[in-house]
Amino acid sequence: MFRKCVKIAVHTAVISLLLSSSFLWRGGFVSAEELPPPQPPQTAQQGELIQTREIDVTGDGKPDTVSLIGMKSDNSSPYYDKLFITVVGPVQTQVVIPLEGGYNPQMDFCDFIQDKLPQIYVSAETGGSGGLSYYYIYSLKNNVPTAIPLPSPLHVKASFKKNYVVKMKLEETGKSFKIDIKDRKDDYEKFGVYKNGMVVKPIIVSVNDYGALKPLDVDRDGYCELRGVQRITGIANADTLGYAISVWKWKKGKWILKDSSIVKTLSSKLR
């Protein structure tokens, strides 16, 4: 509801900060001889304001202006080449966080790490056939941008059983689940995995990274967990065998797996 289709000029200070940061990331200051020649102004410095919100993310008790800004090389495309989070405090203290580009970027706020402040959550779709996205969580406590690491994806081991059944085991928990694939037995027989219901040539299933990693307050305690969804595929990328579902909660500086399961189809609340 925050999306605005308006164009804004990215403030000169923002661009200067980004440029200076690119040199600092090389491991130190550079001499004047190492600086590249000045570049002429480009239209790429025109950004689109995607979302903005007034909210205290730094902990000084005063609302900050937090914005998600995207830059495009082709204005007719829905793809953003670059994304930035900008945070401007009440005394014009400014923080800029560069992100990867993507489709349909969204920004949200929730306290994941239980420090009584909202962190900034951003997602953007990669646009690939796997249905994956980039995800980011940043803390801005005391005006210091700190990336919060994401939980590692679940690992699944699978074995094909007679009568078109796949047994899947979550390595993190040891829990096992069975997926019935009789609805696609013809494809698996053509591919040579089964013959008359017996396993002939088992294959290795693939488990994608997170197709969804969404914040939600499962415990209703005011702190957000992350719910992850990973697609599990068989003989081809289009052959979805099921989904690994995980719920993660931040405790003592790391993500703890709170719940996990494997399902054949996604319910509407998981989409």
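The link between C110 and C224 is right-handed, with 85° about the S-S bond, and the sulfur atoms of C110 and C224 lie 1.9 Å apart, where a disulfide is taken to be a pair of cysteine sulfur atoms within 2.5 Å. The pair joins distant parts of the chain, since C110 sits in strand β5 (residues 94-110) while C224 sits in the loop between β14 (206-216) and β15 (225-233), 114 residues apart. Strands here, like helices, are DSSP runs numbered from the N terminus, with at least two residues of type E for a strand and at least four of type H or I for a helix. A search of the whole structure finds one disulfide, and both C110 and C224 are buried, a word I use for under 20% relative accessible area, with exposed meaning over 50% and partly exposed anything in between, all with a 1.4 Å probe and protein chains only.

Before I go on, a word on the source. This is a predicted model, in which local features need pLDDT of at least 70 and side-chain atom pairs count only at pLDDT 80 or more, whereas totals for chains, interfaces and linings use all residues. Residues are numbered from 1 along each chain as its sequence is written, and side-chain values use heavy atoms, with hydrogens and water left out.

As for the overall picture, the protein has two helices and 17 strands, and of its 271 residues 42% are buried. Among contacts between residues at least 6 apart in sequence, 46% join residues at least 24 apart, a contact being heavy atoms within 4.5 Å.

Which residues touch the most other members of the largest nonpolar core? They are F112, F160, I181 and I262, out of 38 residues in that core, and by a nonpolar core I mean a set of buried Ala, Val, Leu, Ile, Met, Phe, Trp, Tyr and Cys residues joined through side-chain atoms within 4.5 Å. At least two residues of this core come from each of β7 (133-139), β9 (156-161), β10 (165-170), β11 (176-180), β14, β15, β16 (240-251) and β17 (254-263), and β16 gives the most, with six residues. Apart from this core lies another, of 20 residues, among them L83, I85, V95 and I97. As general background, nonpolar side chains in soluble globular proteins tend to be buried together.

Next, one of the sheets. An open sheet of three strands runs in the order β9-β10-β11 with antiparallel pairing, and two strands count as paired if DSSP finds at least two bridges between them. Why is one side of β9 and of β11 left without a neighbour in the sheet? The reason is that β9 and β11 stand at the edges, so each has a single partner strand. From one strand to the next the twist averages 25°, the angle being taken between N-to-C directions, from 0 to 180 degrees, of lines fitted to C-alpha atoms. The antiparallel pairing of β9 and β10 extends over six bridges, and V156 stands opposite L170 in β10.

That leaves the charged pairs. A salt bridge here is a side-chain nitrogen of Lys or Arg within 4 Å of a carboxyl oxygen of Asp or Glu, and by this rule the count comes to nine. D180 forms one with K182, with the closest N and O atoms 3.0 Å apart; D180 is partly exposed at 32% relative accessibility, and K182 is partly exposed too, at 43%. D183 and R184 meet in another, at 3.5 Å from N to O, where D183 is exposed at 55% but R184 is buried at 13%.

Are E225 and K249 buried or exposed? E225 counts as buried at 0% relative accessibility, and K249 is likewise buried, at 7%. Their side chains meet in a salt bridge of 2.7 Å, N to O, and the pair links distant parts of the chain, with E225 in strand β15 and K249 in strand β16, 24 residues apart. Salt bridges that share partners join D219, D221, E225, K249 and K258 into one network.

I will finish with V229, which is also found in strand β15 and is buried, with a relative accessible area of 6%. V229 and K214 are 15 residues apart in sequence, and their C-alpha atoms are 8.8 Å apart in space.
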